[in-house]
Amino acid sequence: MFFSRLHSNWLQQTAPHLVAGLVLTSACTVPFTAHANPNREQSPPLRISQNVEPISPTFDSNGLFSIAAGKRLISEADRAVSSQNYSLAAEKLQDSRQLMNQLSNFYQGLASTFTGVDPVVANSLRKKALETAELRDQSTYQLALVYRAQNKSDKAIPLLIEIVRSQNPSRDLGKQAYRQLLELGFVDVAYPRSQTTGDAR
């Protein structure tokens, strides 16, 4: 009861001011959301958070969510392999693989959104999606080689199969992945097959 009387008194005191405020507000050009609830303070226009940098061709090369970051992780993995630090190399390649996969999915999603709306934007985003997918597969292939060096064929084989499916057997990286599967004994027919072997097509 106390809160009901308090609310009623507050409405009687503030109603004239609210009406006057609504009249003044309707005469001004303000965002539509400002009219939704006159009791709330007018919200400022939405802005991109300063803590999140948009992905763009001028994206900070030191950013943690960029194509450059994925390439940097691959380079760090190469140095780790050179020093035979395979555990560190695997960690760097796993990070690069996950990052490039996320970026590829994001770029592909944006490209689909712009398809039929702006072909220039859609084509640019599609190229980004292909570039990041290629880097993802390169990271995956290198990771499979690291697992082979660690005698972890059970981890290498699924990654190699993933590359063959993603790249297609006719592309260089797909061929290399299939050759690794042959060396591991997972498959027993070479590809591409020599025409002198006489194998049936």
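This is a short tour of the structure, one selection at a time.

Before you click, know that the model is predicted: local features need pLDDT of at least 70, side-chain atom pairs count only at pLDDT 80 or more, and totals for chains, interfaces and linings use all residues. Residues are numbered from 1 along each chain as its sequence is written, and side-chain values use heavy atoms, with hydrogens and water left out.

**Stop 1: helix H4.** Select residues 119–149, which form helix H4. Helices here are DSSP runs (H or I, at least four residues; strands are E, at least two), numbered from the N terminus. How far apart are the end C-alpha atoms of H4? They are 45 Å apart, which agrees with the 45 Å that its 31 residues should span at 1.5 Å a residue. That expected span is 1.5 Å times one less than the number of residues.

Now show Asp 118 at the start of H4: one of its side-chain oxygens comes within 3.1 Å of the backbone nitrogen of Val 120.

Stop 2: Pick Asn 151, in the loop between H4 and H5. Asn 151 isn't a glycine, yet its phi is positive, about 60 degrees. Is Asn 151 buried or exposed? It counts as exposed, at 72% relative accessibility; buried means under 20% relative accessible area, exposed over 50%, and partly exposed in between (1.4 Å probe, protein chains only).

Gln 84, in the loop between H2 and H3, also isn't a glycine and has a positive phi of about 60 degrees. Gln 84 is exposed, with a relative accessible area of 61%.

**Stop 3: the largest nonpolar core.** A nonpolar core is a set of buried Ala, Val, Leu, Ile, Met, Phe, Trp, Tyr and Cys residues joined through side-chain atoms within 4.5 Å. The largest one has 21 residues, and those with the most contacts inside it include Tyr 141, Leu 160 and Leu 181. Helices H2, H3, H4, H5 and H6 each give two or more residues to this core, and H5 gives the most, with six.

Zoom in on Leu 160: not counting residues up to four places away in sequence, it touches Tyr 141, Ala 144, Ala 177, Gln 180, Leu 181 and Leu 184. Contact means heavy atoms within 4.5 Å.

**Stop 4: helix H3.** Select Ser 104, which lies in H3 and counts as buried at 8% relative accessibility. Beyond its neighbours within four places in sequence, Ser 104 contacts Ala 129, Thr 132, Ala 133 and Arg 136.

**Last stop.** Finish at Pro 192, in the segment after H6. The peptide bond from Tyr 191 to Pro 192 is cis, with omega near 0 degrees.

Conventions:
Polar contact = N/O pair within 3.5 Å; in protein donor to acceptor, adjacent residues only side chain to side chain.
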